[in-house]
Amino acid sequence: MKWSQTHIYTLKEAPSDAEIPSHKLLIRAGLVKKLAPGMYTYGSLALRSIRKFENIIRDELNKRGGVEILMPMVHPRELWEETNRWEEMGAGLLKFQNRNNHWFCLGATHEEAIVDYIRNDVKSYKDLPRNLYQIQTKYRDEIRPRFGLMRGREFSMKDAYSFDVDQAGALKTYQQMYEAYQAIFNRLGVEYRIVQADAGNIGGSQTHEFQLLADAGEDSLLVSDTTDFAANIEVCPAIDLQTDNSNEALKPIEKFATPGLKTISDLSKATGVPENQLVKTLFFSSNDQTNSKDKGLKPVAILLRGSDELNPVKLKNILGLVNAPQMLSDEEIKQVTSASPGSCGPLGLQIPIYMDTGVEGLKNYIVGANEDDCHIKNVNHERDYKITKVADLRMAKAGDKDPLSSGKLKAYRGIEVGHVFYLGKKYSEKMKATFLDHQGKAQNFEMGCYGIGVTRTVQACIEQNHDQDGIIWPKAIAPFQVHICLLDPQDEKAQNIVHEIETQLEASGYDVFIDDRNERPGVKFKDADLLGMPVRIVVGKKGLDQNEIEVVERRTKTVHKVSPDSASAVVKKLLI
């Protein structure tokens with residue numbers, strides 16, 4: 001393909017709203033162009049890369065018995081009401097009415113649609129298992145779309161759904177898909193980790209994320225320095241290397257004045273007690289508003305060491321909520337405790353109290369007195385107040401103990417590009433999707449679902465593979481493997497050499513892009529680095545006069561000066 005026959009326009013500068021390197025490079029290289037916040041038009045180069053990644057996905061899923069279908073992007077309200085997700089998904093689900101005043105939504109995910117598709121066809125265990133997938137546009141009404149394709153509103157996703165007779169079969173399919181994902185991301189040639197994760201709104205009892213490692217990744221990962229343990233920080237167990245168990249005798253409680261001390265840091269400085277020996281009390285509502293009939297506040301208190309941070313996902317799961325719980329406002333806290341935030345504690349509360357395991361070993365600690373500008377010291381749980389439940393509620397951090405060994409956890413940043421879920425009967429029960437088993441008895445399907453963010457992965461590859469000059473495409477999804485800079489497009493000999501090299505490489509299955517513009521060599525080299533194809537060939541009259549052309553490796557910028565006759569062979573070796 002020749003540049004002069006395409007619609008590619010590069011930019012010297014990225015727009016001001018592009019925050020991370022991959023977003024800037026997508027725009028500057030002309031790969032995408034913003035149509036509206038969170039929505040982009042994909043240029044020809046981006047589309048070539050997307051299609052290549054889609055074909056890798058299809059190849060690996062088809063090998064394992066996956067069957068490709070395509071479901072609508074627009075879904076009727078009635079389907080989503082069967083699972084109660086019409087309300088549970090909240091504002092992220094874009095809802096609208098048609099001309100007949102019927103309610104629909106844009107598909108943010110397709111669990112309801114696929115169950116409806118299956119339940120109308122599969123009636124017997126003889127028809128199982130089934131593993132169906134699609135590559136489809138999704139729409140999620142993000143509050144603040146950012147980072148280009150990384151957190152957009154409209155995006156392309158591969159989602160697969162499996163249906164099995166029993167749990168054993170479902171877990172076998174889960175393992176097959178887990179291995180398929182490994183094969184897919186191995187073929188990309190990127191650095192990634194498989195981590196334990198939270199199921200979120202999808203639900204399910206077993207789930208893993210596939211995370212591409214990148215400094216600008218939105219997700220925090222903790223990985224063992226000893227074993228293969230890895231987890232998203234949202235679900236990573238928080239285990240101290242040393243416990244705080246104390247043999248100290250219990251002391252009588254004592255209230256003392258703390259005027260102006262509103263934070264743990266202030267209290268620590270004033271009392272000389274380390275932050276990890278202080279206890280803070282947080283207040284949340286255990287009603288996440290997913291049930292329109294349940295309007296009550298339902299406050300709960302959470303106790304943490306002063307040095308720790310609450311993990312909202314762990315709290316959500318402990319409380320059995322669909323969405324993360326909301327903190328109480330200052331006024332609501334005062335209604336519950338009679339004090340302002342900063343002076344609150346567990347003594348005398350008439351609401352459930354959840355204690356983090358880090359507090360469990362403390363004795364004679366300081367808490368708020370539920371009286372403005374006052375605290376109480378020498379407080380002890382069980383003696384002075386009762387705990388509803390002790391649980392791991394804090395955010396794990398680098399340096400914590402590996403749950404599987406005596407090793408420590410190391411911190412990484414990651415971009416979630418794939419997610420596999422074992423769903424069980426969550427959707428089949430709610431949607432009354434059944435089949436007849438060996439005994440002729442109706443049973444609900446055992447399900448799994450498996451997603452890959454197609455457009456997100458393409459950008460994530462750029463985020464992981466770039467330098468100050470531009471993109472460095474992984475070979476597997478580079479729009480073209482070879483970029484030829486024709487420096488003298490009017491020179492007949494140079495034209496013939498380029499045509500010959502192009503013919504030889506394409507005959508061997510390689511994609512070739514030719515920059516035939518009437519531009520200065522410097523412009524062409526800068527654009528070649530920006531576009532980032534794995535191999536660049538430089539053909540110009542001056543070099544040909546010495547029977548020489550340049551072959552440049554984009555990742556290392558190594559230059560090979562070779563004869564025109566040997567150029568194709570050299571390129572093939574570099575692309576192996």
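1. The count of salt bridges comes to 47, a salt bridge being a side-chain nitrogen of Lys or Arg within 4 Å of a carboxyl oxygen of Asp or Glu. This is a predicted model, in which local features need pLDDT of at least 70 and side-chain atom pairs count only at pLDDT 80 or more, while totals for chains, interfaces and linings use all residues. Residues are numbered from 1 along each chain as its sequence is written, and side-chain values use heavy atoms, with hydrogens and water left out.

2. R51 and E54 form a salt bridge whose closest N and O atoms are 3.1 Å apart. Both residues belong to helix 2 (residues 44-63), where they are three residues apart, about one turn of the helix. Helices (H or I, at least four residues) and strands (E, at least two) are DSSP runs, numbered from the N terminus. E54 is buried at 5% relative accessible area, whereas R51 is partly exposed at 42%; buried means under 20% relative accessible area, exposed over 50%, and partly exposed in between (1.4 Å probe, protein chains only).

3. A salt bridge also joins R58 to E68, with 2.8 Å between the closest N and O atoms. This pair links distant parts of the chain, since R58 is in helix 2 and E68 in strand 3 (residues 67-68), 10 residues apart. R58 is partly exposed, with 22% relative accessibility, and E68 is likewise partly exposed, with 36%.

4. The side chains of R85 and E112 meet in a salt bridge at 2.7 Å, N to O. R85 lies in helix 4 (residues 85-88) and E112 in helix 5 (residues 111-119), so the pair ties together parts that are 27 residues apart in sequence. R85 is buried, at 2% relative accessible area, and E112 is buried, at 1%.

5. Which order do the strands of the open sheet follow? The three strands are arranged 4-6-5, with antiparallel pairing; two strands pair if DSSP finds at least two bridges between them. Strand 4 (74-76) and strand 5 (95-97) are at the edges with a single partner strand each, so one side of each has no neighbour in the sheet. From one strand to the next, the twist averages 40 degrees, with axes fitted as lines to C-alpha atoms (for helices over the stretch in contact) and angles running from 0 to 180 degrees between N-to-C directions.

6. Strand 5 and strand 6 (residues 103-106) run antiparallel and are joined by three bridges. W103 in strand 6 is the bridge partner of Q97.
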